[in-house]
Amino acid sequence: LLDFESAREHLVQAYTLAKKASAEFVSNNIAGYLAEAHLRLNELDRAQSILQERRTDESRLNSEALRKLEMTHAELLLKQGQFQQALDLVRRMIAATPHTERGGVSPSLWLLHAQALRALERNPEAERLLRESLDAALASHLLPVAWRIRLELGLTLRAMRRLTEAQEQWS
């Protein structure tokens, strides 16, 4: 589950085969997960290389695979300290994601949005988004996402010096 080294090795093989087969959708899909594995292993240059190879302009965010590439790119921007660029990218993604433009909540996307806001020290906004995304994740039974949201909510509350509430999120 969290063996990113093994995941990377399998994804490299799958990515190579998908590119050889000229399977764009499959290549984009695998590239998003491969770039994420590189991020988790702190291989930022490799993640950036894959993202630069596969990313397109935001007007083509019409598939889950392309949105995954953009989410991974936003995570990379956060790791690189480019907080405002990450926030701008997430906001473009929200505008381009069909159900979110009508007020729907995408827990993973809201989590990323909140992480960018917290990095910019806009903690009250981040808290609001995290609470909304936590409700949506729990309602949809997305327990791994809910766990990540609780972790981020705890970090956000701690940044606002609300230590008791932060601890409650982590217990």
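Reader: In which helix is confidence highest?

Author: The model is predicted, and its chain averages a pLDDT of 89, with 92% of the residues scoring at least 70. Confidence is lowest in helix α4 (residues 64-79), at a mean of 90. The highest value, 95, belongs to helix α8 (residues 143-159).

Reader: At roughly what angle do the axes of α3 and α4 cross?

Author: Helix α3 (residues 44-54) passes α4 in a left-handed crossing. The two axes come within 10 Å, and the angle at which they cross is roughly 145°.

Reader: How many nonpolar, polar and charged residues make up the contact of α3 with α4?

Author: From α3, the residues taking part are Leu-44, Gln-48, Leu-51 and Arg-54. They meet Leu-69, Thr-72, His-73, Leu-76 and Lys-79 of α4. By class, the residues of this contact are 4 nonpolar, 3 polar and 2 charged.

Reader: Which residues that line the largest pocket are the closest to its centre?

Author: The largest pocket holds about 1200 Å³ of space. Its lining consists of 32 residues, divided into 18 nonpolar, 6 polar and 8 charged. The closest to the centre are Glu-36, Arg-40, Lys-68, Glu-75 and Arg-148.

Reader: Which element gives the most to the lining of the largest pocket?

Author: The elements that give two or more residues to this lining are α1 (4-20), α2 (24-40), α4, α6 (107-119) and α8. With 7 residues, the element that gives the most is α4.

Notes:
Residues numbered from 1 in each chain as written. Predicted model: local features only at pLDDT ≥ 70, side-chain atom pairs only at ≥ 80, totals over all residues. Heavy atoms only, no water. pLDDT = per-residue confidence, 0-100. Helix = DSSP H or I, 4+ residues; strand = E, 2+ residues; numbered from the N terminus. Axes fitted to C-alpha atoms, helices over the stretch in contact; angles between N-to-C directions. Left-handed = near helix turned anticlockwise from the far one by under 90°. Contact = heavy atoms within 4.5 Å. Nonpolar A, V, L, I, M, F, W, Y, C, P; charged D, E, K, R; others polar. 1 Å grid on protein atoms, 1.4 Å probe; cavity = no way out; pocket = protein on both sides within 12 Å on 5 of 7 lines; lining within 4 Å. Points joined across faces, edges and corners; volume = space filled by probe spheres on them.
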